[in-house]
Every structure is written in C-alpha cells, then in structure tokens.
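Visitor: I am new to this structure. Please take one part and look at it closely, then show me what lies around it.

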Amino acid sequence: MILHHYDFSNYSEKARLALGYKGLAWRSVIIPPIAPKPDLTPLTGGYRRTPVLQVGADIYCDTALIVRELERRVPEPTLFPPHLGALADAIAYWAENRLFRPMSLYVSGYNMDVLPPTLQADRARMRGLPEPDEATMRRAAARSATHVRPQIAAIESMLGDDRQWIAGDAPTVADLAVYHALWFITARTDRLAHELAPYGRIRDWMARVRAFGHGTPTSISAQDAIAAARAATPEPSRPSSPQPEDPRPGNLVRIRADDYGGDAVDGELAFIDDREVAIRRADPVAGEIVVHFPRLGYDLRPL
C-alpha cells in the first residue's frame, strides 16, 4: 500500500491513523499541498484532493472510501463493528461535513504565517471563490470560532457517560473522523490549544486515538509509485450492482466531487454499487489504472 499525503493534512492524519490501527506497513509518498501535482495526476486522472491510497494500479480517493478499503483488505481489528457501524457513519458524516469546515477556517485564519503562502488562494480556487486577503481570513476565522466552540463542547458531552470511544464501547471510523478535525487545531502551532484545554474527556480520548500510531511507513519517491502502477494490473472488478438510474459498467462516464475541488475524472465505468464507483482509464505515463471513489459526495454522469 502506498499513501500519497503531506504532513499537516488532517484527512491524511485520518488515513495514517487507520493504517496504524490496522498495524500495517505502508509506503509513503509526500505530495504538494497545492496544485499542480504533476506526479499524482497520472495516477488519479485529475483528482487532486489529499490523501490518495494506491495498491498497485488501483487508486482509492477520499478517506471515506480509503478507510473502508483498508477494512475490506484487513478486516481485523475492525473500525466498523456491526453494533456501532450505522451510528459511527452518521457521526463521521457530521464531523466531516459540519464540524471541519468552520474548524479549517478558524485554524487557518490564525496560522496564516506558518502555512504555504499560496495555500489559501489554492483552496479558494477549489471552491470557486476569489482569493482572500488577510483581513478576510481574519473575519472568517472569527465567525467560524463561534461555530467551532459549541461543537467541541458537544464532543465532550458525547464522552460524558465515561465511554472510551466516540460511538460506544469500541473504536470506530467515528473516532478517526472526529479526531482529525480536532487534531487540526494544533497541527501547525499551539496557538489555539486553549480551545481544548477545558475538556479533560476529549484530551484523554485523543490520547487513546493517538496511541493507534501510524503503522510502519517507508518513504519512496513519486516516480517509484508511478512505476509500481505501470508494472501492475488493476485487480479484477467485483460484480456491480447499479441502481436503475445508473450508467452500466463499460459505459464512458465522468465523475467529480459535488462540493469543492471538482476536477473531473473521465473513463470507463468498471464497477458500481451503493458505496463505490470505479473508473478505468489509460494514462500514457502510469498505464492502465482503475480509480475508485465513494458513491456519496460525488457526481457521476455519462460522458
């Protein structure tokens, strides 16, 4: 397994912790935090979010799918215990769709001097917004702080019955999803550490999640990763189960994120079910590749 990531990416931290929880050895490719990403594009066909998991010539995009793919390949220890799976999915969806956006604005606004100088311009382009100046970032941070603090207090309340894990009596994907949003508060500096200081249950729980570690990474170059893809053959597709409205495997399709960073990936539909969409494409550098996406959060259309 090869993870394409960078150090202060919170979603990368989610993937790194999943690899650690599973006790896996993996290869690490450090990618740029901003576009262009010339050594990633041959593998993804244009998708540019971070992180990306590579297994030979199969490329898995978005941590919503990456964690499930790790679970499929390495079922134990599980991050989806049957009695907590539905609740954990719901909590993870809240954390990554309602908690992290204001968190990112708040933290970034107070750490502009230690972030790459063109990062905010890049993120604005991903959302189709004008490049913000420092004053705009400060105002956005101040507004977002008022949405962050009540949600941190709510997380402390989730742990108020002395449970060890967010969803109940066992670790789940919800722990990773909530953790990476809070981890981002101090990922670059400790300037906002005071926001977590009053919450002893959160601090103890974060220590338990942090103890998962990151497994055993080994650094390789981006060119090594591309060579690994070129030397491999995509794994055989599992039987598809399309819905009546879906394109059928073999059709040419286009897929893109439906919120931001909507760089399109075109190719032949190789697999589809209620959770996953896989696109087969040929790249002049990396060879035949199958790029996998989660179903939710992505717009799939006939090409």
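Guide: Let us start with a pair of helices, α6 and α8. This is a predicted model. Helix α8 covers residues 200–210. It packs against α6 at an angle of about 75°, and the two axes lie 8 Å apart. An angle from 65 to 115 degrees counts as roughly perpendicular. That makes α6 roughly perpendicular to α8. On the α6 side, the contact is made by Ile 152, Ile 155 and Glu 156. On the α8 side, Gly 200, Arg 201 and Ile 202 take part. By class, this contact of α6 with α8 has three nonpolar, one polar and two charged residues.

Stay with α6, and turn to its contact with α4. Helix α4 runs over residues 85–109. The axes of α4 and α6 come within 7 Å and cross at roughly 135°. The two helices are therefore oblique to each other. The crossing of α4 past α6 is left-handed. From α4, the contact takes in Trp 94, Arg 98, Leu 99, Pro 102, Met 103, Leu 105, Tyr 106, Ser 108 and Gly 109. From α6, the residues include Met 137, Arg 138, Ala 140, Ala 141, Ser 144 and Ala 145. Also among them are His 147, Val 148, Arg 149, Gln 151, Ile 155 and Met 158. The contact of α4 with α6 divides into 13 nonpolar, five polar and three charged residues. Note Ile 155: this residue of α6 is in the contact with α4, and Ile 155 is also in the contact with α8.

Helix α5 gives the largest share, three residues. By class, the lining of the second largest pocket has eight nonpolar, two polar and three charged residues.

Rolling a probe the size of a water molecule over the atoms shows where empty space is left. A search of the whole structure finds one cavity of 30 Å³ or more. About 40 Å³ of space lies in the largest cavity. Its lining is made of Phe 8, Val 107, Asn 111, Leu 115, Phe 184, Ala 187 and Arg 188. Five of these lining residues are nonpolar, one is polar and one is charged.

Another helix pair is α1 and α7. Helix α1 spans residues 10–21, and helix α7 spans residues 173–183. They pack at an angle of about 140°, with their axes 9 Å apart. That makes α1 oblique to α7. Here α1 passes α7 in a right-handed crossing. Asn 10, Tyr 11, Glu 13, Lys 14, Arg 16, Leu 17 and Ala 18 in α1 take part. They meet Val 173, Leu 176, Tyr 179, His 180 and Trp 183 in α7. By class, the contact of α1 with α7 has seven nonpolar, two polar and three charged residues.

Last, look at the backbone in some loops. Most residues other than glycine have a negative phi, and most peptide bonds are trans. The peptide bond from Thr 50 to Pro 51 is cis, with omega near 0°. Pro 51 sits in the loop between α2 (41–44) and β3 (52–55). The bond from Glu 76 to Pro 77 is also cis, with omega near -5°. Pro 77 lies in the loop between α3 (63–73) and α4. Asp 62 is not a glycine, yet Asp 62 has a positive phi of about 80°. This residue, Asp 62, lies in the loop between β4 (58–61) and α3.

Conventions: Residues are numbered from 1 along each chain as its sequence is written. This is a predicted model: local features need pLDDT of at least 70, side-chain atom pairs count only at pLDDT 80 or more; totals for chains, interfaces and linings use all residues. Side-chain values use heavy atoms; hydrogens and water are left out. On a 1 Å grid over the protein atoms alone, a cavity is a set of points where a 1.4 Å probe fits but cannot get out, and a pocket is an open set with protein on both sides within 12 Å along at least five of seven lines; lining residues have an atom within 4 Å of a point. Grid points are joined across faces, edges and corners, and a volume is the space filled by probe spheres set on the points. Ala, Val, Leu, Ile, Met, Phe, Trp, Tyr, Cys and Pro count as nonpolar, Asp, Glu, Lys and Arg as charged, and the others, Gly among them, as polar. Axes are lines fitted to C-alpha atoms, for helices over the stretch in contact, and angles run from 0 to 180 degrees between N-to-C directions. Helices (H or I, at least four residues) and strands (E, at least two) are DSSP runs, numbered from the N terminus. Angles under 35 degrees count as roughly parallel, over 145 as roughly antiparallel, 65 to 115 as roughly perpendicular and the rest as oblique. A crossing is left-handed if the near helix is turned anticlockwise from the far one by less than a right angle, and right-handed if clockwise. Contact means heavy atoms within 4.5 Å.
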